Amino acid sequence: MSESKPGTRDPALNGTRNIRVEMLTRVEGEGRFHLKVRDGQVEEATLTIFEPPRFFEAFLVGRSLFEVPDIVPRICGICPVTYQMTSVRALEEILGIRPTAEIRNLRRLMYCAEWIESHVLHVFLLHAPDFLGYANALEMARDHKALVEMGLRMKKAGNTLLEVMGGRAIHPVSPRVGGFSKAPSPKRLLALLPELEWGLGAAQETVDVTNGLPMLDFEQPYTFVALDGGKDYPIEWGERIAVTGRDPVALEEFEEVFQERQVPQSPALHARLPDGTPYLTGPMARLSLFPDRLHPLAQEALERTGMRLPVLNPYRSIVVRAVEIVHAFAEAIDLIRGYRGADPAYLEAPLRAGEGRGATEAPRGLQYQRHRVDGKGLILESRIVAPTSQNQARIEADLAGLAPEILAMDDAQATLRCEQLIRAYDPCISCATHFLKLEVERG
Amino acid sequence: MRVVALGNPDRGDDGAALLVASRLQEEVPVVLAGRPGPGLLDLLPHDEPCLLLDVTWSGSPPGTLHRIPLDRLSPATLPDLRVSSHGFGPGEALALARALGRSLPSGLFLGIEGEGYGFGEGLSEAVRGALPSMVSAARDFLESEGA
């Protein structure tokens, strides 16, 4: 990818032009993008995504609250920890459980593992090919073996940590309401340190590599939204949500402030602020709102990039993710060094009727859950708001902003440019881009 | 011998390979791997034969079995088999290993064609009916390898 040159409009392209990007996968990611331009004006920019959380909300009704942390991670194979832990936070609020510092630290360690896995996969196998001019990771791997091998080894370090923490690498089973069914021994975690220390060095190198990639020049006026984690970088804890230039939002007000509305052009609900402003959650939001809460080693890496804050260029998100990978490795190492075991591994409390809310930061953004249970602990109602659906309106606005540039391109180029922008947000559907299909209607 | 099964038990036919693997669990070591993406490469050893079980979506009649030697598995040998979600299925994982110049695992990919991938457990009639033949095919391979 080279520095962008705003497209000069070809008079022949006047009239109506439809660009449709079809994305299909067998199970999780399913989406479509449709851009309709008439005489140089964007008439419609619609990103349609498939939303598994909605189906799971109905699924949960009538189940015991203790089953929820085992069911919701099945929504996504990439961020099961987020679904699990966000539900646990909401359910613990109902039962009045305040987890111990040891349990909170173990949870944070699990998130570090998930962030490493997810961010590394995205940076090295999904996003980097766009910058280096390859159609996909397979083509890139032939020419950049060392880089890809480094990414795979970093990802494996995250997998191994998650496996030790969660009992298995995919869909962890040890987290439960109140803590962990079994806490790992300090010895097992200490054994992981050498590989995590290697990973930290590799992550610092990744920041430099990604910062050296040729960037498109494309800035947007973002309203960022991220969990306020107190003195810590936003990950697994926080009672309120920070919003660029506005008052913080308490969790109780979440659904009131981050409003999901039906829009005519899409079957999916669109999240916006009450005045209609679309917003962005995820790495750019976290880093822009809380740069001073990064681990000192991640702050050092960030300073080395010379990146201006807030980060308003979505393509730069690859560098931001790299900085967050440094944070995740560095914090994981600190947490393991400080770990002396967790006893008790979980806390219990009598069942009672009530409603609870939880929010945590998935690798790709803020997740919110609300659950309501009866006196026997059976779920009466559940609400799960995933980051990709919150970012959808903002992504559409950005794609509309891209329209003037892509009007002069042929359909293949225009599709690629749209895909690249969508990929910069690491939505769940970004994983599905090998199955893109383009349909063009010319007016 | 290593058996690795992919899929999601909460998405209809996507859980078929996991069910087959669970029936083999008492005979051989089995890894239920979900959808590991490139992490699959860490699950397939190079010093012993592997049996990789998955669900395919190729347009064949539901319940059809696909047998492909592991060292021939790639997006090219499976042009229309969308063998996993997230665009990074076993074909891509092995192609990545090839691109990186890594040695490839030996063994068999055994896939069953699915029909429905809705929410919840439970297989379609066609896939449920074909499950015994997939178990037999898996056992035949294990026997041929002396497992």
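# Briefing: chains A and B

Val81(A) sits in helix H3 of chain A, which covers residues 80–95. The model is a predicted one.

**Around Val81(A)**

- Val81(A) has 29 other C-beta atoms within 10 Å, so it counts as buried. The cut-off for buried is 20 or more.
- Leaving aside residues up to four places away in sequence, Val81(A) touches Met110(A), Tyr111(A), Glu114(A) and Pro172(A).
- Ala362(A) is 281 residues from Val81(A) in sequence. In space, their C-alpha atoms are 8.2 Å apart.

**Chain A as a whole**

- Chain A contains 14 helices and 14 strands.
- It has 443 residues, and 53% of them count as buried.
- Take the contacts in chain A with a separation of 6 or more: 72% of them join residues 24 or more positions apart.

**Two helices packed together in chain A**

- Helix H4 (residues 101–132) of chain A packs against helix H6 (residues 145–166) of chain A. The angle is about 155°, and the axes are 8 Å apart.
- H4(A) is therefore roughly antiparallel to H6(A), since angles over 145 degrees fall in that class.
- The crossing of H4(A) and H6(A) is left-handed.
- Residues of H4(A) in this contact include Leu106(A), Leu109(A), Met110(A), Ala113(A) and Glu114(A). On the H6(A) side, they include Val148(A), Gly151(A), Met154(A) and Lys155(A).
- The residues of this contact of H4(A) with H6(A) divide into 16 nonpolar, 4 polar and 3 charged.

**Cis peptide bonds in chain A**

- Most peptide bonds are trans.
- The bond from Leu309(A) to Pro310(A) is cis, with omega near -5°. Pro310(A) lies in the loop between helix H11 (296–305) and helix H12 (317–338) of chain A.
- The bond from Asp343(A) to Pro344(A) is also cis, with omega near 5°. Pro344(A) belongs to the loop between H12 and strand S11 (354–362) of chain A.

**Chain B as a whole**

- Chain B has 4 helices and 5 strands. Along the sequence, they follow the pattern β-α-β-α-β-β-α-β-α.
- The C-alpha trace of chain B spans about 40 × 30 × 20 Å along its principal axes.
- Chain B has a radius of gyration of 14 Å. A compact globule with 147 residues would have one near 15 Å, so the value agrees.
- Of the 147 residues in chain B, 52% are buried.
- Among contacts in chain B with a separation of 6 or more, 75% are between residues 24 or more positions apart.

**Helix H3 of chain B**

- Helix H3 (residues 90–99) of chain B has 10 residues, and 8 of them are buried, so the helix is largely enclosed by the rest of the structure.
- The buried residues of H3(B) are Pro90(B), Gly91(B), Glu92(B), Ala93(B), Leu94(B), Ala95(B), Leu96(B) and Ala97(B).
- What covers them? From chain A, the cover includes helix H5 (137–143). From chain B, it includes helix H2 (40–43), strand S3 (50–56) and strand S5 (107–113).
- Most residues other than glycine have a negative phi.

Methods. Residues are numbered from 1 along each chain as its sequence is written. Chains are lettered from A and ligands numbered from 1 in the order in which they are written. This is a predicted model: local features need pLDDT of at least 70, side-chain atom pairs count only at pLDDT 80 or more; totals for chains, interfaces and linings use all residues. The radius of gyration is taken over C-alpha atoms; the globule rule is 2.2 Å times the number of residues to the power 0.38. A residue is buried if 20 or more other C-beta atoms lie within 10 Å of its own, exposed if 12 or fewer, and partly exposed in between; C-beta atoms are placed from the backbone. Two residues are in contact if their C-beta atoms, placed from the backbone, lie within 7 Å. Axes are lines fitted to C-alpha atoms, for helices over the stretch in contact, and angles run from 0 to 180 degrees between N-to-C directions. Angles under 35 degrees count as roughly parallel, over 145 as roughly antiparallel, 65 to 115 as roughly perpendicular and the rest as oblique. A crossing is left-handed if the near helix is turned anticlockwise from the far one by less than a right angle, and right-handed if clockwise. Ala, Val, Leu, Ile, Met, Phe, Trp, Tyr, Cys and Pro count as nonpolar, Asp, Glu, Lys and Arg as charged, and the others, Gly among them, as polar.
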